[in-house]
Amino acid sequence: MFDRHRRLRESKNIRDLVKETVLNAQDFIYPIFAVEGENIKEEIESLPGVYHYSVDRLHEVVEEMNQCKIRGVLVFGIPDYKDEVGSSAFDENGIVQRAVKKIKELSPYLWVITDVCMCQYTSHGHCGIIKENKVDNDVTLEYIAKIAVSHAKAGADMIAPSDMMDGRILAIRKALDLNGYDHISIMSYSAKYSSAFYGPFREAANSAPQFGDRKTYQMDPANIREAMREIESDISEGADIVMVKPALSYLDVIRWSRDNFNKPVAAYSVSGEYSMIKAGAKLGFINEKAIAMEILLSIKRAGADIIITYYALDAAKWLKED
Ligand code: PBG
């Protein structure tokens, strides 16, 4: 006697009936890039199919998201002005603040999440304040909290800190609560690895560090137990959703997070994951749609409740086609 596993693969109908993981458009969060200026919709060279939008043209991408029934958007800002302390990041009239206001006006029900970090805003490109050539953890916390409050004030529904300073969730939670934003949630980039997969994003956001690297604050790709410690800290400090980033080569981290914690787990399929598929497809080596959907499915199967992906719009359209 042997098992006839193939019986349940006989036709599409039975395969669909026994399917364990199903992707939906509502699983996705779409990252967008807002830039200063007017009348700009410019394709990002390192991220084909993804655009820089000036605030006055954000309605185009908001409409697309609504049509695709994407529920969440992650807003990144690219400022014109950078300095040592990233002051454009907490400027009430800064690029993210204006973008958030605009998106909320256009579509009050779209869930607007803001990336809280400093690297796009600092002249040195690091995710914090530099003291004696090092990123100073505790001084940075004050700035990160200030940025988070300014995003909440602009109308953000959820704050997503990606700086990887210790204690940032507590600092942000306290600052939000003190300023009357106890209803604003935090999605923490908890297990954020120091990864070469961020390359295309840094080009898109002009945020590469001008000296050194991010290894003193982002995690070593070799470690998974450390990721559990990071997540534990973030939950104890008040994170509502925890995130693993990147996704594709960290599926084990997603699975461990799902199995060890009861908070929703988000996975960020980052720029390099997207650009590799785009490049491979352009060369004709792979089938873009099939590969992208298989990867998204794998991320969900690994345990992600939410997937942040540059494929959100395409994937939502592809799901409708099937
Ligand atoms: C900011 C930030 C980065 C990404 C998200 N937020 C870049 C970095 O940490 O260097 C990467 C996103 C992507 O690659 O798609 N700290």
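Between which two elements does the loop that holds P246 lie? Points on this and on the rest of the model follow.

1. This is a predicted model, in which local features need pLDDT of at least 70, side-chain atom pairs count only at pLDDT 80 or more, and totals for chains, interfaces and linings use all residues. Residues are numbered from 1 along each chain as its sequence is written, and side-chain values use heavy atoms, with hydrogens and water left out.

2. P246 sits in the loop between β10 (241-245) and α8 (251-260). The peptide bond that joins K245 to P246 is cis, its omega being near -5 degrees. K245 is also one of the residues closest to the ligand.

3. The chain has eleven helices and twelve strands (DSSP runs numbered from the N terminus: H or I of at least four residues for helices, E of at least two for strands). Its radius of gyration, 20 Å, is close to the 20 Å given by the globule rule for 322 residues, so the chain is as compact as a globular protein of that length (taken over C-alpha atoms; the rule is 2.2 Å times the number of residues to the power 0.38). The C-alpha trace spans about 70 × 45 × 40 Å along its principal axes.

4. The ligand is surrounded by 18 residues (a heavy atom within 4 Å). By class, this shell holds ten nonpolar, three polar and five charged residues (Ala, Val, Leu, Ile, Met, Phe, Trp, Tyr, Cys and Pro are nonpolar, Asp, Glu, Lys and Arg charged, and the others, Gly among them, polar).

5. For Y310, a side-chain N or O atom is 2.6 Å from a ligand oxygen. Taken alone the ligand exposes 400 Å², and the protein buries 100% of that (Shrake-Rupley method, 1.4 Å probe).

6. K69 is not a glycine, yet its phi is positive, about 60 degrees. This residue, K69, is placed in the loop between α2 (58-68) and β4 (72-78).

Definitions and conventions. Polar contact = N/O pair within 3.5 Å; in protein donor to acceptor, adjacent residues only side chain to side chain.
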